[in-house]
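This briefing is intended for a reader meeting the structure for the first time. Please keep the sequence and the model in view while going through the points below.

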Amino acid sequence: MNQIRRLSAQWIWGLLFMLLASSAQAKILHEERSVYTRIIVQDSNRLRCLKFTLKRDDSTQTCINLNYPRRMVFSYTKMSLASLLLQPNPRRVLIIGLGGGTLPMALRDLAPRAAIDTVEIDAAVVRVAKDYFGYVEDEKNQAIAQDARVYGKRAALRGLEYDLIILDAFNGEYIPEHLMTVEFLQEMQALLSDDGVLVANTFANSELYDYESATYEAVFGDFLNFRSPATGNRIIIVPQAKLPA
């Protein structure tokens, strides 16, 4: 019995040591309370991560590998780019949600001729993406600090069309409610070109899974559905053109 207690004590102390070591390795580079959330930029084990922690403390938005900053860390960003198989030469791209800017910067390399508009409601996130994650604006890669519903309505009035739309907004808890409605998806559909593709990053293990599926089906009909068992991510891909039978 004493031996078991000693082993249990050793296990507990070992666990505490690992937790303390992990905490010691993490370094907070930046922290601020923006209009919409609490933003943290943290370095740990050669990863730099952007977190929104207003509602919970483990809500990581973006991570980059400091040794290989162009290498994608998250599976869902790689899954999102499967849309290029259906639309390999987008002339104009709309991204809803900036995070650290991983997707627009990747598309800047993969589709150098495309004009990329990224809509981010929080101006502080745009600034942090530039200061800590290598996000760079240029004449073809622009960030717009605006609510996505407002932008969608104004873009329609301007007659804008997009060959690729990526929905990647996240508020630290889940996708903002007003960006999960039939009305919002209809506004996004109206912005798609005739051969455009819409991609949405959501979650495979969400209680809203069936409701999200029904909403997308109500607006678009058939869609492609990819799930990652390892991460719990779900990617919805909707070609504007009819899917082959």
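Asn-225 has Ile-236, a residue of β11, as its bridge partner. The two strands concerned, β10 (residues 224-227) and β11 (residues 233-239), pair in the antiparallel sense over four bridges. The model is a predicted one.

**The hairpin of β10 and β11**

- Five residues lie between the strands of the hairpin formed by β10 and β11.
- In this hairpin, Gly-232 takes a positive phi near 80 degrees.

- Strand β1 (residues 27-33) and strand β2 run antiparallel and are joined by six bridges.
- Within this pairing, Ile-28 stands opposite Gln-42 of β2.
- The hairpin made by β1 and β2 has four residues between the strands.
- Strand β2 also runs antiparallel to strand β3 (residues 47-52), and six bridges join them.
- Here Ile-40 stands opposite Lys-51, which belongs to β3.
- The hairpin of β2 and β3 has two residues between its strands, and Asn-45 in the turn shows a positive phi of about 50 degrees.
- Strand β2 (residues 38-44) is mostly covered, with six of its seven residues buried.
- His-30 is a residue of strand β1, and its relative accessible area of 17% is under the 20% limit, so His-30 is buried.
- His-30 and Asp-131 are 101 residues apart along the chain, and their C-alpha atoms are separated by 10.0 Å.

**Aromatic pairs**

- How many aromatic pairs does a search of the whole structure find? The search finds five.
- Are Tyr-174 and Phe-203 buried or exposed? Both residues are buried.
- Ring pairs also bring Phe-170 together with Tyr-174 and Phe-203 in a cluster.
- Tyr-216 and Phe-220 form an aromatic pair with 6.1 Å from centre to centre and 25 degrees between the planes, and this pair is stacked.
- Tyr-216 and Phe-220 are four residues apart in helix α7 (residues 209-220), so about one helical turn separates them.
- Tyr-216 has a relative accessible area of 10% and is therefore buried.
- Phe-220 also counts as buried, because its relative accessibility is 14%.

**Charges over rings**

- Arg-71 lies over the face of Tyr-68, at 4.1 Å from the centre of the ring.
- The ring of Tyr-209 has the charged end of Arg-234 over it, 3.8 Å from the ring centre.

**The largest pocket**

- The largest pocket holds about 860 Å³ of space.
- Its lining consists of 47 residues, and those nearest the centre of the pocket are Gln-61, Asp-168, Ala-169, Phe-170 and Asn-171.
- Which element gives the most to the lining of the largest pocket? Strand β4 does, with four residues.
- At least two lining residues each come from β4 (60-65), α2 (75-80), β5 (92-96), α3 (102-110), β6 (115-120) and β9.
- The lining divides into 21 nonpolar, 20 polar and six charged residues.
- Ala-169, one of the residues nearest the pocket centre, has its place in the loop between β8 and α6.
- With 16% relative accessibility, Ala-169 counts as buried.
- Ala-169 and Gln-61 are 108 residues apart along the chain, and 9.6 Å separates their C-alpha atoms.
- Phe-170 is likewise among the residues nearest the centre of the pocket, and Phe-170 is also a member of the aromatic cluster with Tyr-174 and Phe-203.

Technical notes:
Residues are numbered from 1 along each chain as its sequence is written. This is a predicted model: local features need pLDDT of at least 70, side-chain atom pairs count only at pLDDT 80 or more; totals for chains, interfaces and linings use all residues. Side-chain values use heavy atoms; hydrogens and water are left out. Rings of Phe, Tyr and Trp (its six-membered ring) pair if their centres lie within 6.5 Å; planes under 30 degrees apart count as stacked, over 60 as edge-to-face and the rest as tilted. Buried means under 20% relative accessible area, exposed over 50%, partly exposed in between (1.4 Å probe, protein chains only). A charge sits over a ring if NZ of Lys or CZ of Arg is within 6 Å of the ring centre and within 35 degrees of the ring normal. Two strands pair if DSSP finds at least two bridges between them. On a 1 Å grid over the protein atoms alone, a cavity is a set of points where a 1.4 Å probe fits but cannot get out, and a pocket is an open set with protein on both sides within 12 Å along at least five of seven lines; lining residues have an atom within 4 Å of a point. Grid points are joined across faces, edges and corners, and a volume is the space filled by probe spheres set on the points. Ala, Val, Leu, Ile, Met, Phe, Trp, Tyr, Cys and Pro count as nonpolar, Asp, Glu, Lys and Arg as charged, and the others, Gly among them, as polar.
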